[in-house]
Amino acid sequence: MNDQTFRPTIYLKDKCPFCMKIRIFLLESGLRDSVEVKDFTPGTDAEQQIRGEVGPHLEKVSFPAAQVAPGEYLADSDGIIARLAQGVGVDPAQMPVLKAYLEGPFQSLMTLFRENMELKKQQQA
Ligand SMILES: N[C@@H](CCC(=O)N[C@@H](CS)C(=O)NCC(=O)O)C(=O)O
């Protein structure tokens with residue numbers, strides 16, 4: 001396979017807020033049909049298959065993950081978006097739906113997660 005025929009593969013986990021960034025970016029950028037998306041529900045055979053596929057290429061497996069070029073894997077949502085955006089010359093900062101998600105529900109989830117962790121820590125102390 002050469003660079004002309006290569007299609008990035010994006011690995012997504014169900015209900016993952018970081019993966020939702022990628023789902024929105026793919027739709028809003030028009031790239032959805034230019035990539036292969038492999039998603040999984042935790043606890044399924046698909047999860048084992050996907051972890052087996054990406055595991056050997058990543059120092060630490062997390063999702064989203066992507067093969068962005070032949071043999072080149074990334075596992076960081078912002079890095080994956082930046083790389084895919086650069087490839088087609090689009091600017092993710094100019095995407096209103098992505099921006100609304102990042103500044104709204106995504107940020108709220110991250111705040112709630114941090115607060116929850118802090119409360120758990122206090123409860124255990
Ligand atoms: N900074 C990473 C965080 C991604 C992350 O924490 N993803 C969670 C799922 S929501 C994960 O992969 N957890 C470990 C796992 O499922 O193996 C990013 O932006 O991609």
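## Gln 67 and its surroundings

The side chains of Gln 67 and Tyr 73 make a polar contact at 3.5 Å. The model is a predicted one. Gln 67 belongs to strand S3, which covers residues 65-69. With a relative accessible area of 14%, Gln 67 is buried, because the cut-off for that class is under 20%. Apart from residues within four places in sequence, Gln 67 is in contact with Phe 6, Pro 8, Thr 9, Tyr 11, Glu 72 and Tyr 73.

## The ligand site

Which residues are around the ligand? They are Lys 13, Cys 16, Pro 17, Phe 18, Arg 51, Val 61, Ser 62, Phe 63, Pro 64, Asp 76 and Ser 77. By class, this shell divides into 6 nonpolar, 2 polar and 3 charged residues.

Pro 64, one of the residues around the ligand, is joined to Phe 63 by a cis peptide bond, with omega about 10 degrees. Pro 64 is found in the loop between helix H2 (45-54) and S3.

How many aromatic pairs does the structure hold? There are 3 aromatic pairs. One of them is formed by Phe 18 and Phe 106, in an edge-to-face arrangement with 5.4 Å centre to centre and 80 degrees between the planes. This pair links distant parts of the chain, since Phe 18 is in helix H1 (residues 17-29) and Phe 106 is in helix H4 (residues 96-124), 88 residues apart. Is Phe 18 buried, partly exposed or exposed? Phe 18 counts as partly exposed because its relative accessibility is 33%, whereas Phe 106, at 10%, counts as buried.

Phe 106 also pairs with Tyr 101; that pair is tilted, with 5.8 Å centre to centre and 50 degrees between the planes. Both Tyr 101 and Phe 106 are buried. Together, Phe 18, Tyr 101 and Phe 106 form one aromatic cluster.

Met 110, also placed in helix H4, touches Pro 17 and Phe 18 when residues up to four places away in sequence are not counted. The C-alpha atoms of Met 110 and Pro 17 are separated by 9.0 Å, while the two residues are 93 residues apart along the chain. Pro 17 and Phe 18 are both among the residues around the ligand.

Ser 29 lies in helix H1 and counts as buried because its relative accessibility is 17%. A polar atom of the Ser 29 side chain is 3.3 Å from the backbone oxygen of Leu 26. The backbone nitrogen of Leu 31 lies 3.2 Å from a polar atom of that side chain. Not counting residues up to four places away in sequence, Ser 29 touches Val 90 and Met 95.

Lys 15 lies in the loop between strand S1 (9-13) and H1. Phi of Lys 15 is near 65 degrees, a positive value in a residue other than glycine. Lys 15 counts as exposed because its relative accessibility is 80%.

## The whole chain

The protein has 4 helices and 4 strands, which run β-α-β-α-β-β-α-α from the N terminus on. Its C-alpha trace spans about 55 × 35 × 20 Å along the principal axes. Of its 125 residues, 32% count as buried. The accessible surface of the protein comes to about 7900 Å², and carbon and sulfur atoms hold 52% of it.

Among contacts in the protein with a separation of 6 or more, 61% are between residues 24 or more positions apart.

Key:
Residues numbered from 1 in each chain as written. Predicted model: local features only at pLDDT ≥ 70, side-chain atom pairs only at ≥ 80, totals over all residues. Heavy atoms only, no water. Near = heavy atom within 4 Å. Nonpolar A, V, L, I, M, F, W, Y, C, P; charged D, E, K, R; others polar. Phe/Tyr/Trp six-rings, centres within 6.5 Å; stacked < 30°, edge-to-face > 60°. Helix = DSSP H or I, 4+ residues; strand = E, 2+ residues; numbered from the N terminus. Buried < 20%, exposed > 50% of the residue type's maximum accessible area, 1.4 Å probe, protein only. Polar contact = N/O pair within 3.5 Å; in protein donor to acceptor, adjacent residues only side chain to side chain. Contact = heavy atoms within 4.5 Å. Areas by Shrake-Rupley, 256 points an atom, 1.4 Å probe, with all protein chains shown as cover.
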